Amino acid sequence: MYRYIFFDLDGTLTDSKEGILNCVKYALEKMGRPIPGEDVLLQFIGPPLHESFMVRCGFTAAEAERAVEWFRERYNTVGKFENTAAPGMAELCARLKERGCVLALTSSKPEAQCIPICERFGFAPCLETIVGSAPGKDWKKADVLREAMRRLQLTEADRAEILMVGDRKYDVLGAAECGIDCVGVEFFGYAEENELAEAGAVAVVQTPEALEPFILQH
């Protein structure tokens with residue numbers, strides 16, 4: 001049975017599309033680069049920002065680092081509030097905690113940004129720990145998961161009881177790298193068609209109502 005539930009943030013606990021896309025556009029404008037179509041912009045939801053600017057926009061490592069700085073300039077003041085909670089997820093987290101599950105937030109977003117978002121939307125009281133990228137870092141999902149395990153004092157023997165919940169292949173692949181199962185969620189449709197299943201998710205669910213029995217029955 002899964003006892004430790006690790007939640008992604010963007011696209012899983014919250015619908016962060018508006019804030020992320022607006023901040024990507026802001027960064028590109030500051031860099032003097034054209035704004036791509038929404039199909040490209042949506043790919044910024046999930047993976048580390050530095051990687052996205054290099055892969056999606058063809059930036060060099062140095063250019064990507066500067067773009068991330070511009071992104072965070074707007075995100076830290078405005079973008080983090082252009083966000084809404086996924087319907088029913090705060091209530092689901094509360095019920096899981098009541099049943100004895102240990103919940104954690106595991107996001108590649110900077111930890112200092114994750115904390116106020118979780119507090120604002122009512123997730124923080126249910127979370128044993130909130131883990132994001134360390135200051136000045138742009139961690140991959142596996143790095144974040146390892147840090148969450150360290151904080152919760154989990155070992156190799158506990159891996160079978162850990163479940164990652166995320167909306168992109170990066171969550172699934174990062175969990176697999178750490179020997180952890182991942183259930184994919186398609187609350188907002190940010191993943192490409194069949195992306196989660198093809199990445200190896202143990203299940204893919206469409207709603208919080210479908211997620212709850214999966215967690216409790218496995």
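This report walks through the sheet, helices, nonpolar cores and cavities of a predicted model.

## Ground rules

Residue numbers start at 1 in each chain and follow the sequence as written, and side-chain values rest on heavy atoms, with hydrogens and water left out. Because the model is predicted, local features need pLDDT of at least 70 and side-chain atom pairs count only at pLDDT 80 or more, while totals for chains, interfaces and linings use all residues.

## The sheet

Let's begin with the strands. Six of them form an open, parallel sheet in the order β5-β4-β1-β6-β7-β8. Its edges are β5 (127-133) and β8 (203-205), each of which pairs on one side only. Neighbouring strands are turned by 25 degrees against each other on average, direction ignored. Here helices (H or I, at least four residues) and strands (E, at least two) are DSSP runs numbered from the N terminus, and two strands pair if DSSP finds at least two bridges between them. Axes are lines fitted to C-alpha atoms, for helices over the stretch in contact, with angles from 0 to 180 degrees between N-to-C directions.

Strand β1 (residues 4-7) is joined to β4 by four bridges and to β6 by four bridges. On the β4 side, F6 stands opposite A104; on the β6 side, Y4 stands opposite I162. Y4 and F6 point one way from β1, I5 and F7 point the other way, and all are buried; buried means under 20% relative accessible area, exposed over 50%, and partly exposed in between (1.4 Å probe, protein chains only). Further along, four bridges link β6 (residues 162-166) to β7 (residues 181-185), with L163 partnered by D181.

## Helices around it

Helix α6 (residues 111-120) lies across β4 (102-110) and β5, at about 130 degrees to β4. Helix α8 (residues 169-177) has Y170, D171, V172, G174 and A175 buried. Those residues pack against α3 (49-57), α7 (141-151), β6, β7 and α9 (195-199). Just after α8, G179 takes a positive phi of about 75 degrees.

In helix α9 sits A197, which counts as partly exposed because its relative accessibility is 49%. A197 lies 92 residues from L105 in sequence and 22 Å from L105 in space, C-alpha to C-alpha.

## Nonpolar cores

In soluble globular proteins, nonpolar side chains tend to be buried together. A nonpolar core is a set of buried Ala, Val, Leu, Ile, Met, Phe, Trp, Tyr and Cys residues joined through side-chain atoms within 4.5 Å. The largest has 51 residues, and I5, F7, F53, M89, L103 and L211 have the most contacts inside it. Beyond its neighbours within four places in sequence, F53 is in contact (heavy atoms within 4.5 Å) with V24, A27, L28, F44, G58, F59, A64, A67 and V68. Another core, of 22 residues, lies apart from the largest one and includes Y4, A142, L145 and V172.

## Cavities

A cavity is a set of points, on a 1 Å grid over the protein atoms alone, where a 1.4 Å probe fits but cannot get out; lining residues have an atom within 4 Å of a point. Points are joined across faces, edges and corners, and a volume is the space filled by probe spheres set on them. There are two cavities of 30 Å³ or more.

Helix α4 (61-77) and β4 each supply at least two lining residues, and β4 gives the most, with four.

How values were computed: 1 Å grid on protein atoms, 1.4 Å probe; cavity = no way out; pocket = protein on both sides within 12 Å on 5 of 7 lines; lining within 4 Å.
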